[in-house]
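Hello,

Here is the structure I promised to pass on to you. Have a look at it first, and then read on for what turned up.

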Amino acid sequence: MVPNDELIRIIDLLNTTYESEEAWHGPSVVEALRGVTPEMSGRRITPNTHSIAELVFHMTSWRIFCVKKMQGDATFDITTPEKNFGALPDKIDDFEWEALEMELSLSQEELINELDKRDDDEFLEDIVPGRDYTYYDMLHGIVNHDLYHTGQIMILKKALTFKGAGSQFADDDEDEYGSPYGSSQEHDDYY
């Protein structure tokens with residue numbers, strides 16, 4: 001039997017990125033989402049940015065993609081904006097936010113469970129069904145994907161918290177981009 005040392009390291013990376021409170025890179029996904037309210041999750045800082053709720057949906061979608069590919073599904077894909085970021089309302093209620101967080105958590109569990117079924121590292125060099133990259137690349141990709149979107153969530157959370165904390169800008173004040181949050185030049189200190 002081929003050892004599974006690399007698989008164990010990948011599972012550890014996936015878990016650390018998702019939920020560790022001691023990740024060297026900074027907040028995990030779970031830490032970044034801590035304190036996000038349903039109202040906050042649906043808000044955008046500018047019209048052309050995603051909301052936190054959409055980012056959570058997106059992260060879930062790509063975990064499901066990985067699970068489907070691990071199960072050998074060559075045709076599964078995320079080809080539409082609705083499958084990628086969801087068709088979510090701007091106002092997210094408690095139930096919707098709880099469901100989004102639960103789906104993300106369940107998709108993480110499902111991915112780890114799928115990886116736990118593997119006995120060795122050999123599959124990591126196999127090509128993902130319907131793609132031109134390996135499972136190794138896909139699994140490291142989901143780790144990097146989480147880090148990227150966790151950073152976005154942290155910035156959105158700070159911007160939304162700043163706006164909600166009674167900043168000097170009234171709700172109807174807008175910057176040159178139509179955002180009520182002020183331009184980045186005026187508020188670099190809150191990032």
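**What turned up**

Asp94 belongs to helix H6, which spans residues 94–116; helices here are DSSP runs of H or I with at least four residues, strands are runs of E with at least two, and numbering starts at the N terminus. Asp94 is exposed, at 57% relative accessible area, where exposed means over 50%, buried under 20% and partly exposed in between, with a 1.4 Å probe and protein chains only. Together with Asp93, Glu98 and Glu101, Asp94 forms a negative surface patch. Patch members have over 30% relative accessible area and no salt bridge, and like charges are joined within 9 Å, while nonpolar side chains (Val, Leu, Ile, Met, Phe, Trp, Tyr) are joined within 5 Å. Asp and Glu count as negative and Lys and Arg as positive, with His and the chain ends not counted; the charge is placed at CG of Asp, CD of Glu, NZ of Lys or CZ of Arg.

Before going further, a word on the source: this is a predicted model, in which local features need pLDDT of at least 70 and side-chain atom pairs count only at pLDDT 80 or more, while totals for chains, interfaces and linings use all residues. Residues are numbered from 1 along each chain as its sequence is written, and side-chain values use heavy atoms, with hydrogens and water left out.

**The chain as a whole**

The protein chain has seven helices and zero strands. Of its 191 residues, 43% are buried. Among contacts (heavy atoms within 4.5 Å) with a separation of 6 or more, 69% are between residues 24 or more positions apart. The accessible surface is about 10,500 Å², with 51% of that belonging to carbon and sulfur atoms; areas come from the Shrake-Rupley method with a 1.4 Å probe, and for residues only the protein chains shown count as cover.

**Around Gly42**

Gly42 sits in helix H3 (residues 38–42) and is buried, with a relative accessible area of 3%. Which residues does Gly42 contact, leaving aside its neighbours within four places in sequence? They are Ser51, Asp90 and Ile92.

**Salt bridges**

The whole structure holds eight salt bridges, each being a side-chain nitrogen of Lys or Arg within 4 Å of a carboxyl oxygen of Asp or Glu.

- Glu6 and Arg9 pair at 2.8 Å, N to O. They are three residues apart in helix H1 (residues 5–19), so about one helical turn separates them. Glu6 is buried at 18% relative accessibility, whereas Arg9 is partly exposed at 48%.
- Arg44 and Asp90 pair at 4.0 Å, N to O. Arg44 is in the loop between H3 and helix H4 (52–70) and Asp90 in the loop between helix H5 (81–85) and H6, so the bridge ties together parts 46 residues apart in sequence. Arg44 is partly exposed at 27%, and Asp90 is exposed at 51%.
- Asp77 and Arg131 have their closest N and O atoms 2.8 Å apart. Asp77 is in the loop between H4 and H5 and Arg131 in the loop between H6 and helix H7 (135–164), so this pair ties together parts 54 residues apart in sequence. Asp77, at 24%, is partly exposed, and Arg131, at 27%, is partly exposed.

Salt bridges with shared partners also join Arg44, Glu54 and Asp90 into one network.

Best wishes
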